[in-house]
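Colleague: I'd like to learn how to read a structure like this one. Could you walk me through a few features?

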Amino acid sequence: MVTFLRKRILSSAVPLVCVVLGVFFLARMTGNPVDLYLPLSATAEQRAEFSAAQGFDLSVPAQLWNYLVDAAHLDFGTSLRTGQSATEMVFDAFPVTLQLAGVTMLLAITGAVLIGSLAAYRPNSLVDRIASLLSMTAASIPDFWFAVMGVLVFGVSLDLLPTSGTLGGPEIWVLPVATLLIRPFGVLVQVVRGSMVSALSAPYVKIARAKGATPRRVIFGHALRNAVTPVLTVAGDLTVGLVNGAVIVETIFGWPGIGKLMIDSILQRDFAVLQAAVLMTAVTIFALNILVDVCHALTDPRVRQAVPA
Amino acid sequence: MTTTSAPAPSAADPALDVEGLCVDLSTASGTVRAVDGVSFSVRRGRTLALLGESGCGKSMTALSVVGLLDPAASVTGGAVRVRGEDILRLSPAERRRLAGPVLSIVFQDALTALNPVQPVGRQIGEPFRIHRGLSRREAREKAIELMTRVGIPEPRQRAKSYPHQFSGGMRQRLLIAMAVALDPDVLIADEPTTALDVTVQAQIMRLLRDLQDERDMAVVLITHDLAVVAQRADDVVVMYAGTVVEQGTVREVFAAPRHPYTRGLLDSVPEDAERGQPLPAVPGSPPELSAVPSGCVFQDRCPLVRERCVRERPSLRATGDGRSAACHFSEELDRD
């Protein structure tokens, strides 16, 4: 297992460096920050002084070299906007996103496993049809539309839920989590149902029933763990999507997460923060993928054995 | 069990009594009858073979007895009596209570019949957890005893292994261990050796026989292998296109078949085949279930067929010595 982890981490290093380089160059294509941060009336000397202070007067390769040397010392620079360290800003914003993603996926997976399994136990039954219809609808609803409708109905018309911000009780979670939840939930119900249908028709399930196992024991004791592999893979992808793509929800509901931080940094040409934020998400995504692989190995002894010790 | 007032079963009563079993199968092109009025019974200690080619309904018959039919198939008639009550009329929960202690089944492919992600010890101990309420640890000890009984070396260590870490023969032993865990009255063995090497087949057959003697089980052996029937079974039920065409003791049926299909099967055993000569075979192939002829089911392939066979389906009638055959002209076979 340790070898397996080391291998996976090492093989993630190359793509990670590519991400860092890509963001570095792409960010510089958005324009010159000097134009944004100094007034139009700024003199040439003032502009030169600002550029020199931020290191923008150097050639791009030289800037890259400085950035890499600093990054190697875990110094990701300071924000042009706030003067705060970029690392600090990212570490402030990231937990917000992680919490949102974590709560969302926990609910989505639990719900999907229950409903998908129920639907799969009797294919084409009424329960199955209702579950299919609901999950298909959930998977197809655009999240921005759902968010705006949620704000309109529950926030404005009914005045039941707060529409923005992170101050308050548990009710502040409802709309953002519901918005993030709906698509992963819909997709996962379909995946759980599909892999449970095939697991439940396997001979070992028949044998379990021949031993007198109750439906609950058959589903959760025998079929589920066999059906879980595709579910884990898809759930991992969806979590990556949440970590990466919470931009819309964080913007609409005013949650100061990493998505919002990235958007703001791009708009403000705040290169240091943007680079740090992207690096942080990239590392998280690689970590998530490794976590999914570890989960595969934990649930399936055949995968565990295939890993060279 | 619900009917506590039922008379206590005596040794002479059959352990399993199937009467007029009908199973319908819904397919894309409509409902077809996959099992049509099948009857047989088997006592403890005896082995009954259900013999027939693929698709003749023998597995479907077995699966309906243990209640494991696919959702597309359903029992539409008949009775399956065990310990004096018709289990087809029991609730799912009542049937579950019989599954393991009374009725049990072994499948052909032990790799897929064992759960790939559970240690085998846990799977073998599971019947004790379900029916006897044993703790995990007690069930494990029981599983190790059973593994020892069916000849798994180093059972204590191997109980922690997973199915893919065993050979085909060992997996079949594990499956058998699981099936006999609670000393069932009836063990159904659905082609238990088809997937195995010939030498391993013989070992598995011997193990089944020993366990049967030791536990006084009735065994229903589902097979298309005439040699297995000859060596292993006491009675045989020959099935064709969802119906029983002949039944009796193996000795008598094999010595003097009273149905042309049975005779065709026996004739197609290549005993003294010569190189270059085509092997004897029953000509043609069984009818599609959606197109079973209205007269005798075997008419299209029968060497004795005549007008009456097309018009009228022969019922299974006694031909003496407890045997029966579904042929209008079975006496003619005797004279050959």
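Modeller: Let's begin with a pairing: strand E1 (residues 16-27) of chain B and strand E4 (residues 73-82) of chain B run antiparallel to each other over seven bridges. Helices (H or I, at least four residues) and strands (E, at least two) are DSSP runs, numbered from the N terminus, and two strands pair if DSSP finds at least two bridges between them. Across that pairing, Glu19(B) sits opposite Ala79(B) in E4(B).

Colleague: Before we go on, what should I know about the model and its numbering?

Modeller: It's a predicted model, where local features need pLDDT of at least 70 and side-chain atom pairs count only at pLDDT 80 or more, while totals for chains, interfaces and linings use all residues. Residues are numbered from 1 along each chain as its sequence is written, with chains lettered from A and ligands numbered from 1 in the order in which they are written.

Colleague: In what order do the four strands of the open sheet in chain B come?

Modeller: The order is E2-E1-E4-E5, with antiparallel pairing. Strand E2 (30-42) and strand E5 (85-86) of chain B are the edges, each pairing on one side only. Helix H1 (58-66) of chain B lies across E1, E2 and E4 of that chain, at about 110° to E1(B). Axes here are lines fitted to C-alpha atoms, for helices over the stretch in contact, and angles run from 0 to 180 degrees between N-to-C directions.

Colleague: Is Ser54(B) buried or exposed?

Modeller: You count neighbours: a residue is buried if 20 or more other C-beta atoms lie within 10 Å of its own, exposed if 12 or fewer, and partly exposed in between, with C-beta atoms placed from the backbone. Ser54(B) has 9 such neighbours inside 10 Å, so it counts as exposed. Its place is the loop between strand E3 (47-51) and H1(B). Ser54(B) and His224(B) are 170 residues apart in sequence, yet their C-alpha atoms are 7.6 Å apart in space.

Colleague: How do H4 and H7 of chain B pack?

Modeller: Helix H4 (residues 120-131) and helix H7 (residues 168-179) of chain B meet at about 25°, with axes 8 Å apart. Angles under 35 degrees count as roughly parallel, over 145 as roughly antiparallel, 65 to 115 as roughly perpendicular and the rest as oblique, so H4(B) and H7(B) are roughly parallel. Two residues are in contact if their C-beta atoms, placed from the backbone, lie within 7 Å. Here Val120(B), Gln123(B), Ile124(B) and Pro127(B) of H4(B) meet Leu174(B), Ala177(B) and Met178(B) of H7(B).

Colleague: What about chain A, then: how many helices and strands are there?

Modeller: Chain A has 14 helices and zero strands. Of its 309 residues, 33% count as buried, and its C-alpha trace spans about 85 × 60 × 30 Å along the principal axes.

Colleague: How many residues of chain A are in contact with chain B?

Modeller: 19 residues of chain A touch 23 residues of chain B. On the chain A side, H9(A) gives the most, with six residues.
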